[in-house]
Structures are given as C-alpha cells and as structure tokens.
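Subject: Structure for you to look at

Hi,

Here is the structure I promised to pass on. Have it open while you read, and my notes on it follow below.

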Amino acid sequence: MFKRILLATDGSPIVERMLTYAVHLARVEPATVIVLHVYEPPEHYAQLPGYNHLLKQYRTVAQAVVDDAMRALEVDGVQVQGELRTGDAAEAIIAASKAYDVDLILLGTRGRSNIAAMLGSVSNTVLRSVSCPALIVP
C-alpha cells in the first residue's frame with residue numbers, strides 16, 4: 001500500500017513521534033521513507049558581508065535535521081533517503097510529494113488542542129493541495 005512515505009520535518013520534538021509512525025508504516029509493507037526538511041534562508045541579509053557563511057550555516061543545521069531523522073530510521077531497518085529544499089515549506093512539501101510520487105505524507109501539528117489551531121498554515125496548505133493521504137501527527 002505505501003511504497004514511498006514522505007516525512008516532512010522541521011526538526012522540532014514532534015519528529016520523535018513521527019518517526020514511530022514512519023517505522024511502523026514502513027514495516028507493514030516495505031516502504032522507503034523520504035525525510036524532507038525545508039528551510040528558508042533570510043534573503044534580507046543577502047547584501048551583508050558574511051551572507052555566504054550564514055547560508056552555509058543554515059545548510060549545515062538543515063542537513064543535521066535530516067541526518068538525525070535518517071539515522072533513527074536506519075537503526076530500525078527502514079530504507080531511507082533524505083532531501084533538503086529551500087523556499088516555502090508548503091510548496092516544497094507539495095513539490096516533493098509529486099516528484100517522489102509518494103503514497104503518504106507525514107506531517108506534525110502545532111500541538112494545540114483546538115483542531116483549527118492545531119493545523120498550521122503549512123499543514124493546512126499541504127492537505128488542501130495533495131492527492132495522496134496525509135497523516136498529521138500531534
């Protein structure tokens with residue numbers, strides 16, 4: 001049923017619960033989990049000295065977010081690959097879901113109790129824009 005699962009992480013603590021779901025789902029039927037982290041470098045600093053160094057630091061931190069999630073999945077025997085994208089998070093998640101032809105998207109919530117407040121703008125936009133199922137992990 002699920003051959004490719006996109007796990008979109010922002011590096012927050014919720015990813016630990018998302019990883020639990022990803023491991024379980026990937027074991028039900030052998031599936032590859034694509035760990036995606038999207039970051040948006042601050043373009044308003046582009047003209048300042050040291051901006052290229054700032055970009056490298058952003059990328060280093062973003063790669064660490066992906067690598068941490070990948071390691072956790074690999075320890076549990078899950079086939080995994082990682083990807084970094086820059087730009088708007090919702091747009092990047094939607095684009096990645098199409099590019100990888102994923103069967104499921106795993107997203108985290110904001111952790112609030114009210115369902116309207118729980119879904120952030122990223123989750124809400126993704127849910128309205130994709131044709132595959134999405135699992136929102138609180």
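Let's begin with E83, which is buried, with a relative accessible area of 17%. The cut-off for "buried" is under 20% relative accessible area, so 17% puts E83 on the buried side. You'll find E83 in strand 3, which covers residues 79–86. Before you go further, please keep in mind that this is a predicted model.

What does the side chain of E83 make a polar contact with? The partner is the side chain of R85, at 2.6 Å. The two residues also form a salt bridge, with 2.6 Å between the closest N and O atoms.

**The other salt bridges**

How many salt bridges does a search of the whole structure find? The count is four. Besides the one between R85 and E83, here are two that I'd like you to look at.

Take D101 and R4: they form a salt bridge whose closest N and O atoms are 3.5 Å apart. D101 is in the loop between helix 3 (89–99) and strand 4 (104–108), while R4 is in strand 1 (residues 4–8), so this pair ties together parts that are 97 residues apart in sequence.

D101 has something else to show you. Its phi is positive, at about 50 degrees, although D101 is not a glycine. If you want to find the spot again, go back to the loop between helix 3 and strand 4.

Now for D68 and R71, which also form a salt bridge, this time with the closest N and O atoms 2.5 Å apart. Where do these two sit relative to each other? Both are in helix 2, three residues apart, so about one helical turn separates them. D68 is partly exposed, at 45% relative accessibility, and R71 is partly exposed too, with a relative accessible area of 46%.

Which residues form a negative surface patch? They are E40, E43, D88 and E91. Let's pick out E40 as one of them. E40 is placed in the loop between strand 2 (32–39) and helix 2 (51–75). Is E40 buried or exposed? Its relative accessibility is 55%, so E40 counts as exposed; the cut-off for that label is over 50%.

- L7 lies in strand 1 and is buried, with a relative accessible area of 0%. L7 and V66 are 59 residues apart in sequence, and in space 10.0 Å lies between them.
- P30 belongs to the loop between helix 1 (15–28) and strand 2. P30 counts as exposed, at 75% relative accessibility. From P30 to K3 you count 27 residues in sequence and 6.6 Å in space.
- A46 is in the loop between strand 2 and helix 2, and at 29% relative accessibility A46 counts as partly exposed. A46 and P138 are 92 residues apart in sequence and 36 Å apart in space.
- S123 has its place in helix 5 (residues 121–129). S123 is buried, with a relative accessible area of 6%. Along the chain S123 and I136 are 13 residues apart, and their C-alpha atoms are separated by 7.9 Å.

**If you only have a few minutes**

I'd start with the salt bridge between D101 and R4, then check the positive phi of D101.

Cheers

How values were computed. Residues are numbered from 1 along each chain as its sequence is written. This is a predicted model: local features need pLDDT of at least 70, side-chain atom pairs count only at pLDDT 80 or more; totals for chains, interfaces and linings use all residues. Side-chain values use heavy atoms; hydrogens and water are left out. Patches are made of residues with over 30% relative accessible area and no salt bridge: like charges are joined within 9 Å, nonpolar side chains (Val, Leu, Ile, Met, Phe, Trp, Tyr) within 5 Å. Accessible areas come from the Shrake-Rupley method with a 1.4 Å probe; for residues, only the protein chains shown count as cover. A salt bridge is a side-chain nitrogen of Lys or Arg within 4 Å of a carboxyl oxygen of Asp or Glu. Lys and Arg count as positive and Asp and Glu as negative; His and the chain ends are not counted. The place of a charge is taken as NZ of Lys, CZ of Arg, CG of Asp or CD of Glu. Helices (H or I, at least four residues) and strands (E, at least two) are DSSP runs, numbered from the N terminus. Buried means under 20% relative accessible area, exposed over 50%, partly exposed in between (1.4 Å probe, protein chains only). A polar contact is a pair of N or O atoms within 3.5 Å; within protein, one must be able to donate a hydrogen and the other to accept it, and residues adjacent in sequence count only if both atoms are side-chain atoms.
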